[in-house]
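Work through the exercises below with the sequence and the model at hand. Each task is followed by a stepwise solution.

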Amino acid sequence: MKKILFVLPNLQGGGAERVTLNFIKEIDREQFIPVLFLLKNEGVYFKDIPKNVEVHTALQSGQSVSRNILRIIKKLINVSSSCDLIIGGLELTATYFVALVGKILRKPTIGWVHTNLKYYPSAKNKINKFLIKLFYSDLNRILCVSDGVKDDFRKLYPHIPDHRVIRLYNVFPNQQKDPLDQSKINSNSPIIIGMGRLGHEKGFDLLIQAHAEVIKEGLSHELVILGEGNERGNLEKLIEDLNVNETVKLMGFIDTPSEWLKKTSLFVLSSRFEGFGMVLLEAMSAGVPIVSTRCDGPVEILQEGKFGRLVPVEDSTLLAKEIMQLLSDKDARENYSNLGLERVKDFEPHTIMPQFHQILNEVCSKK
């Protein structure tokens with residue numbers, strides 16, 4: 001069996017961390033032995049690490065990565081020496097370490113790109129531009145989570161051979177499908193949910209503005225946002241300024257969003273950019289109809305509007321219009337609910353994991 005090392009910065013509440021754990025959970029244990037390496041021993045997903053997975057950490061919570069580079073490299077070299085393949089589970093820092101250690105040990109390496117680096121602020125600074133060009137050229141494969149992410153990555157870094165850049169959709173683990181209770185939709189106060197890290201890129205300010213417009217039009221509903229992040233203060237001020245304190249709830253990080261999704265009438269993704277959009281699959285698996293901005297992953301998941309409504313990025317007025325239309329159209333919501341339950345199957349392990357296993361075997365064979 002081949003030993004596969006997955007490297008992450010930490011297990012904070014982000015989509016890429018959950019995706020990595022999903023792939024570790026679903027990997028074929030008859031072919032591969034997954035091992036997890038964290039740059040820092042911190043995060044909220046430790047209980048989600050599958051049983052019998054070996055876990056290594058380089059630093060404790062609160063320690064600086066930039067001040068402990070040699071320590072991380074030394075520890076990663078030690079763990080990687082017994083592995084057949086090293087995977088950077090998140091773009092930039094984790095992948096730089098993977099590429100460097102892979103080169104030192106002459107081990108095959110894979111990098112994962114979960115977001116469109118064309119729009120990702122951190123990827124635009126001079127240091128990361130240099131490091132991406134330096135280290136990503138050494139990766140045997142670069143996995144992009146959507147065709148949009150892949151196409152822009154190839155344009156940004158044309159020096160990397162095309163055959164090394166591959167689109168691999170995220171896997172959505174098998175779970176109990178619990179469709180939306182349609183009686184919830186008929187309540188006098190429908191619930192709309194947005195979910196994700198409270199960062200500028202997620203566009204929750206746009207969602208709150210759209211919510212305020214819908215309220216102003218007289219369509220009563222509540223907006224619940226699940227997630228935590230550095231934009232909380234700005235969002236709280238916006239809620240106050242728009243006088244929607246009574247109808248908007250910032251719930252913070254929620255470990256079991258499925259419990260909330262069962263109660264909701266509509267899921268809205270308001271991102272300014274999005275590599276994939278795992279939250280859409282979570283909503284669809286609960287039978288919740290979707291309105292989303294036209295980002296890379298969501299456009300592909302929703303297939304240009306077949307499985308949910310799409311609106312332009314940065315347009316809170318059109319977002320409000322689509323929200324009002326769906327909240328007022330029970331038949332449309334039920335249709336999207338049923339379509340979404342079918343669409344989720346395209347991302348389940350039986351479809352995605354054979355592709356992943358093939359990539360692992362191809363890269364390991366080049367050792």
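## Exercises on charge and burial

**Exercise 1.** Classify the exposure of both partners in the salt bridge that Asp48 forms with Lys47 in this predicted model.

Solution. Step one: identify the contact; the closest N and O atoms of Asp48 and Lys47 are 3.2 Å apart, and the cut-off for a salt bridge is 4 Å. Step two: Asp48 has a relative accessible area of 35%, so Asp48 is partly exposed. Step three: Lys47 reaches 55%, and exposed means over 50%, so Lys47 is exposed.

**Exercise 2.** Which residues of H4 are buried, and how are they arranged around the axis?

Solution. Step one: the buried residues in H4 are Asn128, Leu131, Ile132 and Phe135. Step two: they cover an arc of only 105° around the axis, so they are on the same side of H4. Step three: the face turned away from the buried side of H4 carries the exposed residues Lys126 and Phe130. Step four: Lys126 also belongs to a surface patch of positive charge, together with Lys124, Lys129 and Lys133.

Conventions:
Residues numbered from 1 in each chain as written. Predicted model: local features only at pLDDT ≥ 70, side-chain atom pairs only at ≥ 80, totals over all residues. Heavy atoms only, no water. Patch = residues over 30% accessible without salt bridge, like charges linked within 9 Å, V, L, I, M, F, W, Y side chains within 5 Å. Areas by Shrake-Rupley, 256 points an atom, 1.4 Å probe, with all protein chains shown as cover. Salt bridge = Lys/Arg side-chain N within 4 Å of Asp/Glu carboxyl O. Lys, Arg positive; Asp, Glu negative; His and termini not counted. Charge placed at Lys NZ, Arg CZ, Asp CG, Glu CD. Buried < 20%, exposed > 50% of the residue type's maximum accessible area, 1.4 Å probe, protein only. Helix = DSSP H or I, 4+ residues; strand = E, 2+ residues; numbered from the N terminus. Arc of directions from axis to C-beta.
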